[in-house]
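Please look through the sequence and the structure shown below before reading on. The report that follows takes up a few parts of it in turn.

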Amino acid sequence: MSNTQTSIFDKETYKPKSSFTVTEFCSGIGGFRLGLEAIGGKVVLSSEIDKYAIQTYKHWFSEDSEGNLFDYKSSDIPDHDILTAGFPCQPFSVAGVVSNKHWDKTKPENQKKKSGFQYTDQKEGGDQGQVFNGLLKIIKRKRPKAIILENVRGLLSHDKGNTWEVIQEELKKAQYDIHFKVIDAVHWVPQHRRRVFIAGFDKKQFDTNKVDFFSFPTEPITELKIGSILQKRVKEKYTLKDGTWNSLQTIRERNRNMPKGQKKGFGYSIVDREGPSRTLTKRYFKDGAEILIEQKNKNPRRLTPLEALRLMGFNQIENRYDNTDEIFVVSDSQAFRQLGNAVVPHVVEAVGREVLRTIENN
Ligand SMILES: C[S@@+](CC[C@H](N)C(=O)[O-])C[C@H]1O[C@@H](n2cnc3c(N)ncnc32)[C@H](O)[C@@H]1O
């Protein structure tokens, strides 16, 4: 699979001149790390609270990422050039509020569920809505040259745009120059995955008013096919059981006859091997509904964790292991959850190159 094809319209790919230091908050399984290490980044601190994500991170990078970002004193955090974080997206995405909750908007308890900065879910560490404020505190104290944040697109429209307005205002008050762009990872991996990337630069260190101070990368023109990352033989356990397959078909049928607005779930989606898939979400392990692979004379199947790893562009990890059975040390459901939460390293790398172009030339 070619991930590196660039468009003739693309500007020359920037090659950073020197190495630089990075912190990775909400580090998950290290999507920012992989993307920035590829261009000379050295991670000086990673912070994560999910015990299974911490296990995967340790296995892949031989480093302990355990640490709640609310608990760090300034002196615990080494100085660094770029702060990164894919801060929790559940507070800002309907799908996030839905996940693991069998969410039904007609149920009173779900109508009461708070979102945005007030979102909490004790099972997942609590205070997710406040993580941005925790990050802001660190940014103000440590004043990295640049920050790169990532979140679901829903962040921009949440609470009629007010949440995004507050985030921008707070970063501007902290004297950071803010740029953002929704980027679809489909230009690097065979998966539609639209995420908002936020790049910020310390106004105390840069004259950010200069013309063309920073711009996001142009997406390369690629036509990636999910067929190219599928395994030839997969274990039987990935084939949907009759019960799951029947219920997905029933949901789709029921939805077909429902008026818009009353539809629940979307049923399922069988991938076209010649094109990209839908977005892998953290709920994928439940039934695989968003990305199903057709099979001859059998029910469709889910992706395997290895295919999901490739779909997220974590190929570097695969290349480190001779035996693919050694890649994951967590259950399939945790592996899908972690991958569905992650950022695509190739997109981080592309954004990172432009951030470095700006830092090094200003
Ligand atoms: C959207 S995921 C980020 C995934 C990451 N970018 C990757 O590539 O794997 C958000 C992560 O933030 C973590 N998180 C939530 N609250 C946190 C906190 N207070 N301190 C550190 N990490 C936290 C969650 O456990 C989750 O793994």
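## Around the ligand

Among the 22 residues around the ligand, those that come nearest are Cys 26, Gly 28, Gly 31, Gly 86 and Ala 342. The shell that these residues belong to is made up of 12 nonpolar, eight polar and two charged residues. This is a predicted model, and the description should be read with that in mind.

Gly 30 has its place in the loop that lies between strand S1 and helix H1, the latter covering residues 31–37. Is this residue buried or exposed? Gly 30 counts as buried because 28 other C-beta atoms lie within 10 Å, where 20 or more are needed.

Leaving aside residues up to four places away in sequence, Gly 30 touches Glu 24, Tyr 57, Trp 60 and Phe 61. One of these, Phe 61, stands 31 residues apart from Gly 30 along the chain, and the C-alpha atoms of the two are separated by 8.5 Å.

## The six-stranded sheet

Six strands make up an open sheet, arranged in the order S2-S1-S3-S4-S6-S5, and their pairing is mixed. At the edges are strand S2, residues 41–47, and strand S5, residues 176–184, each of which pairs on one side only. On average, and with direction ignored, neighbouring strands of this sheet are turned by 20° against each other.

Helix H7, which spans residues 162–173, packs on the sheet, where it touches S5 and also strand S6, residues 194–202. The direction of helix H7 makes about 145° with that of S5.

## How the strands pair

In general, the strands of a sheet pair through backbone hydrogen bonds, and they do so in either a parallel or an antiparallel manner. Here, strand S1, residues 20–25, runs parallel to S2, and six bridges join the two. Within this pair, Thr 23 has Leu 45 of S2 as its bridge partner.

In which sense does strand S4 run relative to S6, parallel or antiparallel? Strand S4, which holds residues 146–152, is antiparallel to S6 and is joined to it by seven bridges. The bridge partner that Ile 148 finds in S6 is Ala 199.

Asp 184, for its part, has Arg 194 as its bridge partner in S6.

Definitions and conventions
Residues are numbered from 1 along each chain as its sequence is written. This is a predicted model: local features need pLDDT of at least 70, side-chain atom pairs count only at pLDDT 80 or more; totals for chains, interfaces and linings use all residues. Two strands pair if DSSP finds at least two bridges between them. Helices (H or I, at least four residues) and strands (E, at least two) are DSSP runs, numbered from the N terminus. Axes are lines fitted to C-alpha atoms, for helices over the stretch in contact, and angles run from 0 to 180 degrees between N-to-C directions. Two residues are in contact if their C-beta atoms, placed from the backbone, lie within 7 Å. A residue is buried if 20 or more other C-beta atoms lie within 10 Å of its own, exposed if 12 or fewer, and partly exposed in between; C-beta atoms are placed from the backbone. A residue is near a molecule or strand if its C-beta atom, placed from the backbone, lies within 6 Å of it. Ala, Val, Leu, Ile, Met, Phe, Trp, Tyr, Cys and Pro count as nonpolar, Asp, Glu, Lys and Arg as charged, and the others, Gly among them, as polar.
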